[in-house]
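These are my notebook entries on a structure that I looked up.

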Amino acid sequence: MNRVVITGMGIYSTIGKNIEEVNNSLYNGKSGIGFEQLRKDWGFRSALTGILERPNLKGELKRRQRVGLAEEGEYAYVATVEALKQAEIDEDFLDNNEIGILYGNDSSAKSVVESYDVLKEKKDTALLGSGAIFQSMNSTITMNLSTIFRLKGINLTISAACASGSHSIGMGYHFIKSGLQDMIICGGGQEINYHSMGSFDGLGAFSVRENEPQKASRPFDRDRDGLVPSGGAATVILESYESAKKRGANIIAEVIGYGFSSNGDHISVPNVVGPAKSLEMAIKDANLKASQIDYINAHATATPVGDLNEAQAISKVFGAKTPYVSSTKSMTGHEMWMGGASEIIYSVLMMQNSYVAPNINFENPDEHSAKLNIATETIKNHNIDIFLSNSFGFGGTNSSLIVKKI
Amino acid sequence: MENKEVISKVNDFLIDEFEIEEDQLIPTASLKETLEIDSLDYVDLVVIIERNFGFKVKGEDFATIKSLQDFYDYIISRANSN
């Protein structure tokens, strides 16, 4: 079995458009949340959202390469360029090696909505243009990036709701561990437009603390009232240890455990047993005791039930003494299909720079979050050798990853 | 519509939308080989022509259009017949 390491990371998010900016924001507890009036105009219950501008790729990519890129594809492209650069992968290497892509994405709504609008007006499919189909499919990120970077290995989109990004890394880990691939671009992308969020807003799951946008995302806090939708993209380059050593790459960290489970229960309400099973499986896979984990990056999105159940699952597995726990969603909002990948990057940055990013807006615990060791402020000079990151999604899909310093 | 106006409009969208260099826009240029307009680009040309000239191109019409001059002539003919 191969060891699996991370050799590159790249990110485009509401708290920074590259690794350095994001690291600064995490350390300083900076929020990326704002108020978008357009959502109010469209009848949204909550106009809160992560704020992120689209990158301008004109001049960087050819027209044909841009036409099929949806918003989340643009984010993923920028994140992947940064990750490949950090991994010191150049065009020659891309052309002469079998590199795969396993990327999390679970919607591409804007293109569908816009195509529908054109069709309704023009009544002619020939007037939809060539990019609409490539932008509208769930696999839009993998189909575009595999073309742009001329990838020749596994080429697959992982759609697993808010655990998509995490499962993509878990799947990549297994493909490399078993020797099927030497290097895979993993990650998650999430569109941030209002077109994609109306139906989720309709569930009443979003925070309505609109008068204080940056205080709205309050994971584990007693007075939390829902999540704040957000987005962007995060890419990690997974590689076999042997491949990384052979080419003299800078090894950032090692993925040592992946756990997964399905709740087999309600479509949107999480439970305790499923996530606990995912955590336990990851710890067993990593051949660790729970007490060896130095930090938990919680899934906690700030929904009343979700956080309550995750707190109980963590307590069930870790007992009375938990390591530091924080939900970076307190700053980023819920990055959904991207979150499982970005939160690996956030946690690796904490590991590299010896701190725990704060769970901002945590003012009062509830009955169960009181039992967790939640980092309410930045914990400076805190060594992290091993961390665990949770991601849970609609349909009861759970994913837990464990990463170790190397 | 004046021929000059049509040619100017066509050149403008080939430069702006298709990012073709102005000095490549010579009448004898092959759309496929010189200007590198591929099968998917023709789908976008249909949209852009409708937006600029108000008529819909049938995909098969492109079969006989080889050079940029052919393309100008086609647009001039359709624009003036509508």
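The entries below go from the whole chains to single residues.

**Entry 1: the ground rules.** I note that this is a predicted model, in which local features need pLDDT of at least 70, side-chain atom pairs count only at pLDDT 80 or more, and totals for chains, interfaces and linings use all residues. Residues are numbered from 1 along each chain as its sequence is written, while chains are lettered from A and ligands numbered from 1 in the order in which they are written.

**Entry 2: chain A as a whole.** I looked up the secondary structure of chain A and found 15 helices and 15 strands. Helices (H or I, at least four residues) and strands (E, at least two) are DSSP runs, numbered from the N terminus. The radius of gyration of chain A is 20 Å, close to the 22 Å that the globule rule gives for 406 residues, so chain A is as compact as a globular protein of that length. This radius is taken over C-alpha atoms, and the globule rule is 2.2 Å times the number of residues to the power 0.38. Along the principal axes, the C-alpha trace of chain A spans about 60 × 55 × 40 Å.

I then checked burial and found that 59% of the 406 residues of chain A count as buried. A residue is buried if 20 or more other C-beta atoms lie within 10 Å of its own, exposed if 12 or fewer, and partly exposed in between, with C-beta atoms placed from the backbone. Of the contacts in chain A between residues at least 6 apart in sequence, 81% join residues at least 24 apart. Two residues are in contact if their C-beta atoms, placed from the backbone, lie within 7 Å.

Entry 3: Chain B has 3 helices and 0 strands, and its pattern along the sequence reads α-α-α. The radius of gyration of chain B is 12 Å, close to the 12 Å from the globule rule for 82 residues, so chain B is as compact as a globular protein of that length. The C-alpha atoms of chain B fill a box of roughly 30 × 25 × 20 Å along the principal axes. Buried residues make up 21% of the 82 residues in chain B.

I also looked up the contact of the two chains, which takes 9 residues from chain B and 6 residues from chain A. The chain B side divides into 5 nonpolar, no polar and 4 charged residues. Here Ala, Val, Leu, Ile, Met, Phe, Trp, Tyr, Cys and Pro count as nonpolar, Asp, Glu, Lys and Arg as charged, and the others, Gly among them, as polar.

**Entry 4: two helix pairs in chain A.** Helix 12 (residues 273-285) and helix 13 (residues 304-318) of chain A pack at an angle of about 40°, with their axes 9 Å apart. Helix 12 of chain A is therefore oblique to helix 13 of chain A. Axes are lines fitted to C-alpha atoms, for helices over the stretch in contact, and angles run from 0 to 180 degrees between N-to-C directions. Angles under 35 degrees count as roughly parallel, over 145 as roughly antiparallel, 65 to 115 as roughly perpendicular and the rest as oblique. Among the residues that meet are A:P275 and A:L279 in helix 12 and A:A313 and A:V317 in helix 13. By class, the residues of this contact of helix 12 with helix 13 of chain A are 5 nonpolar, 1 polar and 3 charged.

Helix 1 (residues 19-28) of chain A packs with helix 15 of chain A at an angle of about 80°, their axes being 10 Å apart. This makes helix 1 of chain A roughly perpendicular to helix 15 of chain A. In this pair, A:V22, A:N23 and A:L26 of helix 1 meet A:Y346, A:L349, A:M350 and A:N353 of helix 15.

**Entry 5: single residues.** Is A:I256 buried or exposed? I find A:I256 buried, because 20 other C-beta atoms lie within 10 Å. A:I256 lies in strand 8 (residues 253-262) of chain A. Setting aside neighbours within four places in sequence, A:I256 is in contact with A:A286, A:I402, A:V403 and A:K404.

I noted a positive phi in A:R150, near 55°, and this residue is not a glycine. A:R150 lies in the loop between helix 8 (140-148) and strand 5 (155-158) of chain A, and A:R150 counts as exposed because it has 10 C-beta neighbours inside 10 Å. A:M336, also not a glycine, has a positive phi of about 45°. A:M336 sits in the loop between helix 14 (329-332) and helix 15 (339-353) of chain A, and A:M336 counts as buried, with 33 C-beta neighbours inside 10 Å.
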